[in-house]
Amino acid sequence: MKKRAALHNLGCKVNAYETEAMRQLLEEDGYEIVPFEPGADVYVINTCTVTNIADRKSRQMLHKARKMNPDAIVVAAGCYVETADGGVEKDPAIDIILGNNQKNQLVSVIRDFEQKRAGKRAEEPSGVMTKKIDINHTKEYENLIIDRTENRTRADIKVQDGCNQFCTYCIIPFARGRVRSRDTQDVLQEVRALAASGCQEIVL
């Protein structure tokens, strides 16, 4: 029987793109993608931190996932986990913390966690597995791609990440790091794949 995964996205179009890319990674690994409802084996919440309300909604969705299936693997990914100052590691709702620039490691991190959990005695807690880098000191652009989209005629493509401006009111440079741009040939390859799947419009 196929393992079932449910994903929930919070925040911007960049997050939506990355959530779609993670969904496709799970599908390629044999997961059945199901609605964000009770019954999934893995819940992936791509979090947001742009406001206090976004932080609260991120926590709420993580706790909702845990309540829907106490035995599921709950993955907290994205911006909230980059800026929560250690609070995420102590949250009992979370099994895996996946920082920005690490979302393409989703499948391998889930496998590692499953192996770790299988090796524990029943009375021992599995502990939180964290996969993060120092987002403020990386020059690497994370290679995430999609080759199809639910809206067959239009697709968003991520070509840049991070920000160098450090505006007083904005947390994005701390959550996503400095500006990093994608290789042109990678963008063209993705555009061709999306066009082949029926997309007629690409938004960069």
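Colleague: Which residues does Gly78 touch, not counting those up to four places away in sequence?

Modeller: Start with where Gly78 is: in strand 4. Strands are DSSP runs of E (at least two residues), helices are runs of H or I (at least four), and both are numbered from the N terminus. Touching means contact, that is, heavy atoms within 4.5 Å. Leaving out residues up to four places away in sequence, Gly78 touches Asn46, Thr47, Leu98, Asn100 and Lys103.

Colleague: What pLDDT do local features need in this predicted model?

Modeller: Some ground rules: residues are numbered from 1 along each chain as its sequence is written, and side-chain values use heavy atoms, with hydrogens and water left out. This is a predicted model, where totals for chains, interfaces and linings use all residues, side-chain atom pairs count only at pLDDT 80 or more, and local features need pLDDT of at least 70.

Colleague: Is Gly78 buried or exposed?

Modeller: We go by relative accessible area: under 20% is buried, over 50% is exposed, and in between is partly exposed (1.4 Å probe, protein chains only). Gly78 comes out at 0% relative accessibility, so it counts as buried.

Colleague: How many Å apart in space are Gly78 and Asn101?

Modeller: Asn101 lies in the loop between strand 5 and helix 4. Along the sequence, Gly78 and Asn101 are 23 residues apart. In space, C-alpha to C-alpha, they are separated by 8.6 Å.

Colleague: What value is phi of Asn101 near?

Modeller: Most residues other than glycine have a negative phi. Asn101, which is buried because its relative accessibility is 4%, has a positive phi although it isn't glycine. Its value is near 70 degrees.

Colleague: And what value is phi of Phe166 near?

Modeller: Phe166 is found in the loop between strand 8 (160–161) and helix 5 (172–176). With a relative accessible area of 34%, Phe166 is partly exposed. Its phi is positive too, again in a residue other than glycine, and near 50 degrees.

Colleague: On to helix 4: how far apart are its end C-alpha atoms?

Modeller: The expected span is 1.5 Å times one less than the number of residues. Helix 4 has 13 residues (106–118), so it should span 18 Å. The model agrees, with the end C-alpha atoms apart by 18 Å.

Colleague: Within what arc do the buried residues of helix 4 fall?

Modeller: Those buried residues are Leu106, Val107, Val109, Ile110 and Phe113. Looking down the axis, we take the directions from the axis to the C-beta atoms, and those directions define the arc. The buried residues line one face of helix 4, because their arc is within 165 degrees.

Colleague: Which residues are exposed on the other side of helix 4?

Modeller: First, the buried ones: they pack against helix 1 (13–28), strand 3 (42–47), strand 4 (73–78), strand 5 (96–98) and strand 6 (129–131). On the other side of helix 4, the exposed residues are Gln115 and Ala118.

Colleague: How is helix 1 oriented to helix 4: roughly parallel, roughly perpendicular or oblique?

Modeller: Axes are lines fitted to C-alpha atoms, for helices over the stretch in contact, with angles from 0 to 180 degrees between N-to-C directions. Under 35 degrees is roughly parallel, over 145 roughly antiparallel, 65 to 115 roughly perpendicular, and the rest oblique. Helix 1 and helix 4 pack at about 55 degrees, with their axes 9 Å apart. That makes helix 1, relative to helix 4, oblique.

Colleague: Which residues of helix 4 do Met22, Leu25 and Leu26 in helix 1 meet?

Modeller: The contact divides into 6 nonpolar residues, no polar and no charged. Nonpolar covers Ala, Val, Leu, Ile, Met, Phe, Trp, Tyr, Cys and Pro, charged covers Asp, Glu, Lys and Arg, and the others, Gly among them, are polar. In helix 4, the partners are Leu106, Val107 and Ile110.
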